[in-house]
Amino acid sequence: MHADDVVERTAEIAALRTAVDELMAGSGGSITLRGPAGIGKSTLVREAAALGRAAGARVLSARGTEMEHSFPLGVVRQLFETLVAAASAHERRVWLSGAAAPAADLVGAPGGEQREEAAPGDFGTSHVLYWLTANLCLHRPLMLVIDDAHWADDGSLRFLTFLTQRARDLPLLFVVAVRPGEPGTDPTVSERLAAHPASSVLAPRPLSREGTRVMLRRRLGREAEPAFVDACHAATGGNPLLLEVLTEPGGIEPVAGNAGLVLRTGALAVAHRVSLRLARMPSTAARLVQAVAVWGERASLSGAALLAGLGPGEAAEAAKSLQRVDLLRAVDVPPGAEPEWEFVHPLVRSAVYDSMDWARRIAWHRRAAGLLAERGASASQVGTHLLKVPPGADAAVVTALRRAAAEARGRGSSDSAYAFLRRALAEPPAEDIRAEVLAESGAAALQVDLASCAVHLTDLLALTTDVRERARITCVLGHALLLLSRTAEAVALMSEARDALPESDGDLRRQLEALLLNVPLVVSGWDHLTGRLPLLRALPEAGTPGDRAMAGIIAAVDAFAGDPGAVDHARAALSDGTLNQSTGQATAIGAWFGLLASDRADEAMAALDTEVVRTRGSGSLPQLAVAVLYRALAWLWRGQLAEAEQDVVEALRLIGDTHHVVARPVADAVLVQTLTEQGRFTEAEEHLRGTEVDGTVPLFGMQHWLLEAKAEVLRARGAHEQALAFALAAGERFATHGGRNPALVPWRSEAALNLWALGRKDAAMARAEEELRLARVWGAPRALGRALCVAGMVGGAQSGLEMLGEAVDVLRAGPARLELAKALVQYGAALRRLGRRNEARELLMEGRMLARHCGAGGLVGLAAVELTAAGGSPRRDRVVGPEALTPSEQRVAELASAGRNNRDIAQALFVTTKTVEAHLTNAYRKLQVSSRRELAAALVGGGTSPGPGPRPHPRPRDRGGRAGPAKEPPPGPRRASSAGPAGRGS
């Protein structure tokens, strides 16, 4: 379809023109063109590029193809490789500076080195490429234009999704065309690319009958008869490309008598056109076009000529003839670069490729791999062709595919690495290296496909006789099987491997014991595995990876049970700052539980930030999802609701991308609780509707948190009978995992609040007293303060008042700012009911300000109501001073005060420069300063007004986690529950 033939696309072109105008004015954005093949997306993509070039933007383009679907970062390299290679040394220094430096390798820039170790990881690769993009935007607006993105490789798709979410923060216009439902592609690609609020979606509609008539007139130079127009419209469904094919010059006459011929031809129109054109051309042209179809996107003329067995002159003449008949087009390349050619449309390439003799196609892919290897092409380019060749027990093919996998790993593309290794196994490899290839395949699949990982490691285990090596394999295989809900199989394998190890292999035994102890924490019905716990506790400290793994899991077991000794085990687990490869995150999660539940907030956040930075830099997406999720939980328990929401939303996106079933219920619960605390009950209910919590609760996963979150939302809505049922269900489920600790799941106080609202005061007090007793044993301020607050609410007037006062005192000593705000409001409300209005007002004002600082909208509303009843004025508070800063604002302000510029801060915190600017603007306002020079003094309180209430527990400084957009607390009161403020401690 030609740009001159565009019909009924006025709105789409106008939207593209507006986006380009906004880009040149400094405002970025993202546009997704979505529709079936031939609807005109490619024409609109080219129109967008032309508009950008005419306006003066730098335009980089790429196109996904079926051939390059497994080529790691293939689309990314199309976008950047030629530009960076042709740049001056000065331009490369600028573009590849700072966090973008590793992109030299990723895009094949001169001087980049292939690395098999220290790969940037899935998230890290996207982060590096984002900063390359940002650097390209420094002095000139940038457009990235990608056609057929549904065929992009997984690594490029991750980057495109990452970039879509950040395009508004750069002078960048990102235009991407996708074809939903294409066989062999991820059906969620178009949804992921279009999901961000900053992304506009254009979906070109089929031509109307009138549009069909107009296009026919333009193509044929005369009016078609009405019956012919009707037939063309019916045969093509208004698809512009098919309509173009049907109206070839010298083709079907546009008269009524040919209507039946049109209907018969429409379904095979493109293939028919291609075959007709090739039949009229010399054999050299047919061979060249087939060679281009095999070679892949943007085939070099010399490479295609060698593949087709043509000389340079023959190939050049054939390419020009194919261009004249609108099958190929020349690609824009820098002056002096080798000519490259591509198909005018993916459907044309498919028609050529599918029409080839199968034997020739296979032979040419094999030959293309050899030619590329001879020409020094990357191992991934060679491997991409070998993926199309049937297995043949060729040792050279296995070697080439393993090299391609190693290169893909070095680029942070686990998906492509696994595709190459899976094909290498099918070759198959020789028996003497089969175990090595299985090990490599299992390690790659662990990042992208747990089921396949389990298959490969099971096969590897069958080939392995050494008990130590079997134990090492089983550590990974057992964990994978557990994540696949194949619990019995995992337990049997790990138990067998443990029992087979000699006593001298104590460290491996401890790793396996730790993984076995982890099972009851994740799956109900396996509590008998804790029977060996007394024996394991008695083992002497060894300071080894297995010892730390054991300490981490024991920390989790003790935290669940409410044993204060969990803290010491948690610290031992994290003692050297590293994590064991096989049991690392299971160990870390146990340690995080121990520290978070015991209110060691600084230690927990430092460990979580370290893990987030590690997994963003070189870890896998599933590991990053877990680290970000538990940091969200830490923010929630500290009362930093904006930070909690930001992290848990990212965690849920990562969980969706990686299908991390274990983490899902925890993430759902954290988001629901965060929304409920903010007073956003409708959003919390909407999210709960997408979970399984109302049906049969799976035995797999920590579902108790999700059940409790459901209870909290129901209570906030006043549905106390239902809320009570879910609170009790949460307690029952928590008990099946050995859980009693109210610091983790305060289901008893949740039940007490609902019983009290239902008028069952004795039962309410019994539940509250039981939780209070357990909380005193655990001793952490957040759990004890909450238990005291709830016991005070449901107790008698005098005893209740005393417990509320104690709750305030206890919580002032801890980091849980939101729980303190709740206790202050409830204590103030109790004093107001006793007629002690002056004391009540002071507490209510403090609680309200603290609730506003946390972003707890429901609690702010309740405090305002109580303050009015106490004779106070709930006017808007003026929140200034260091205590008014959100954690993200504080981190940015601290880095800025240390002399780091905005780009350096953004790169260190994995955020955009605009986010840093927004945080600094808020920090200047809250600290009442106007420059970086004043920040250092203001951050420690110099020259500022007092903040809202007591100063929060000191935060760890200069941590390296990701900050996000700061969110101001809601400005006014929201509806409060009849049972008290919304959320966990109301």
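Guide: Start with pairing: two strands pair if DSSP finds at least two bridges between them. Helices (H or I, at least four residues) and strands (E, at least two) are DSSP runs, numbered from the N terminus. This is a predicted model, where local features need pLDDT of at least 70, side-chain atom pairs count only at pLDDT 80 or more, and totals for chains, interfaces and linings use all residues. Residues are numbered from 1 along each chain as its sequence is written, and side-chain values use heavy atoms, with hydrogens and water left out.

Visitor: In what order do the 5 strands of the open sheet stand?

Guide: The order is E2-E3-E4-E1-E5, and the pairing is parallel. Strand E2 (58–63) and strand E5 (199–202) have a single partner strand each, so one side of each lacks a neighbour in the sheet. That is why they stand at the edges.

Visitor: How do you know that E3 and E4 pair?

Guide: Count the bridges. Strand E3 (residues 142–147) is joined to strand E4 (residues 172–178) by 5 bridges. The definition asks for at least two, so they pair. Leu 144 has Phe 174 as its bridge partner in E4. Leu 142 has Leu 172.

Visitor: And what joins E1 and E4?

Guide: 6 bridges, in the parallel sense. Ser 30 stands opposite Phe 174 in E4.

Visitor: Why is E4 called largely enclosed?

Guide: Buried means under 20% relative accessible area (exposed is over 50%, partly exposed in between; 1.4 Å probe, protein chains only). In E4, 7 of the 7 residues are buried, so the rest of the structure largely encloses this strand. Both faces are covered. Leu 172, Phe 174, Val 176 and Val 178 are buried on one side, and Leu 173, Val 175 and Ala 177 on the other.

Visitor: What makes E3, H7 and E4 a right-handed unit?

Guide: Point the strands away from you: a crossover is right-handed if the path from the first strand over the helix to the second runs clockwise. E3, H7 and E4 make a right-handed β-α-β unit.

Visitor: Why is Thr 676 called buried?

Guide: Its relative accessible area is 0%. The cut-off is under 20%, so Thr 676 is buried. Thr 676 lies in helix H34 (residues 664–677).

Visitor: How far is the backbone oxygen of Val 672 from a polar atom of the side chain of Thr 676?

Guide: 2.7 Å.

How values were computed
Polar contact = N/O pair within 3.5 Å; in protein donor to acceptor, adjacent residues only side chain to side chain.
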